[in-house]
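The entries follow in the order in which I looked things up.

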Amino acid sequence: MNELLAACLDSSRRELDLFLDQIWLGDGLSANTLSSYRNDLSVWLQWLAQERQTDLLGAGRDDVQAFLARQSRDLKAASLARRMASLRRFYRHQIQSGRLADDPVAELQAPKRVRPLPKVLSEKMVADLLAAPDLSTAAGLRDRAMFELMYACGLRVSELVTLPLAQLHLREQFVQVLAGKGGKQRLIPLGEFAAEALATYLVEGRPELLGGRSEAMLFVNQRGEPLTRQGMWYIIKQYAIHAGIPAATLSPHVLRHAFATHLLAHGADLRALQMLLGHSDISTTQIYTHVAQARLKGLHRSHHPRG
């Protein structure tokens, strides 16, 4: 290692240690956050020393752009954005502490994060899942009712396991959801299949699971206690195996995705879907239009003679 390279590395490492100590004392950041900053900035200072023969405080805007361009070959957009955020935090701190006059990261745009399309079950897969529970057992009646409710209403798993019995209106065939992001109320139609499965669970399954105990939550476990998110996750993974659905494909949230994409595929209005899902921003709901389009393209390629 030549002397200039060694000097650049030593200087940068001292600056990095000083920066981490100061933000730890000032902001009380977690060990994981500090480790993330150290890892990102260590890659940056190594690159600076080797490629530009300078240290952290000697870097310019051109250096940052060249570094990010090189990093973009190996990193996903989310990782690249995080690395850029680490640089931005470091140099903002140097400006605020008076150690630098110009910020080399200022006005540089972070790479856009590409939001992955949600995993979606086909309608046949959903039908196989709904048919999987053993309806001769109390747990099977509960599981069938849960799956029907999630698929009929697009509930988040957190909304499902915290749904009070009092918010289920079987006679009117709708469910009142108060939980979820923002705590806004949604009134969601049930549909005949979900209403029938829930009615059977309430009469034949839930009392057996409760064993004479009282519980406000709609869905309970074998001990008569409210079902948890972890419990729901375990249950649906077991049924994935039973129904022949790849376990990696199925999770509680995937039923919510299936609800949305299947509604769109059958002509639902995007604004109505937004209300049913409880999205505050229509752009969040629009991701499902991309899923539906991707499925249509796949069908066209598979079945059209000139696809």
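This is a predicted model: local features need pLDDT of at least 70, side-chain atom pairs count only at pLDDT 80 or more; totals for chains, interfaces and linings use all residues.

Residues are numbered from 1 along each chain as its sequence is written, and side-chain values use heavy atoms, with hydrogens and water left out.

Entry 1: I looked up Gln-53, which sits in the loop between α2 and α3. Helices (H or I, at least four residues) and strands (E, at least two) are DSSP runs, numbered from the N terminus. Gln-53 is at 40% relative accessibility, so I filed it as partly exposed. Its phi is near 50°, a positive value in a residue other than glycine. Most residues other than glycine have a negative phi. I also listed Gln-173, in the loop between β1 (168–169) and β2 (174–177). Phi of Gln-173 is near 60°, again positive in a residue other than glycine, and its relative accessible area of 32% makes Gln-173 partly exposed.

**Entry 2: the whole chain.** I counted 13 helices and three strands. Of the 307 residues, 41% count as buried. The protein exposes about 16,900 Å², of which carbon and sulfur atoms supply 52%; accessible areas come from the Shrake-Rupley method with a 1.4 Å probe, and for residues only the protein chains shown count as cover. A contact means heavy atoms within 4.5 Å. Among contacts with a separation of 6 or more, 57% come from residues 24 or more positions apart.

**Entry 3: α2 and α4.** The expected span of a helix is 1.5 Å times one less than its number of residues. Helix α2 (residues 31–52) has 22 residues and reaches 30 Å from its first C-alpha to its last, close to the 32 Å expected. I found α4 with 20 residues and a reach of 28 Å, close to the expected 28 Å. Buried residues of α2 include Leu-41, Trp-44 and Leu-48. Those of α4 include Leu-80, Arg-83, Met-84 and Leu-87. The cover over the buried residues of α2 includes α1 (3–27), α3 (61–71) and α4 (77–96), and that over the buried residues of α4 includes α1, α2 and α3.

**Entry 4: Phe-67.** Not counting residues up to four places away in sequence, Phe-67 touches Val-43, Trp-44, Trp-47, Arg-83 and Leu-87. The C-alpha atoms of Phe-67 and Leu-48, 19 residues apart along the chain, are separated by 8.3 Å.

**Entry 5: a pocket.** On a 1 Å grid over the protein atoms alone, a pocket is an open set of points where a 1.4 Å probe fits, with protein on both sides within 12 Å along at least five of seven lines; lining residues have an atom within 4 Å of a point. The second largest pocket holds about 220 Å³ of space, the volume being the space filled by probe spheres set on the points. Of its 13 lining residues, the closest to the centre are Glu-148, Tyr-151, Ala-152, Leu-190 and Phe-259. I noted that α6 (138–153), α8 (192–210) and α10 (252–265) each supply at least two residues of the lining.

Terms used. Buried means under 20% relative accessible area, exposed over 50%, partly exposed in between (1.4 Å probe, protein chains only).
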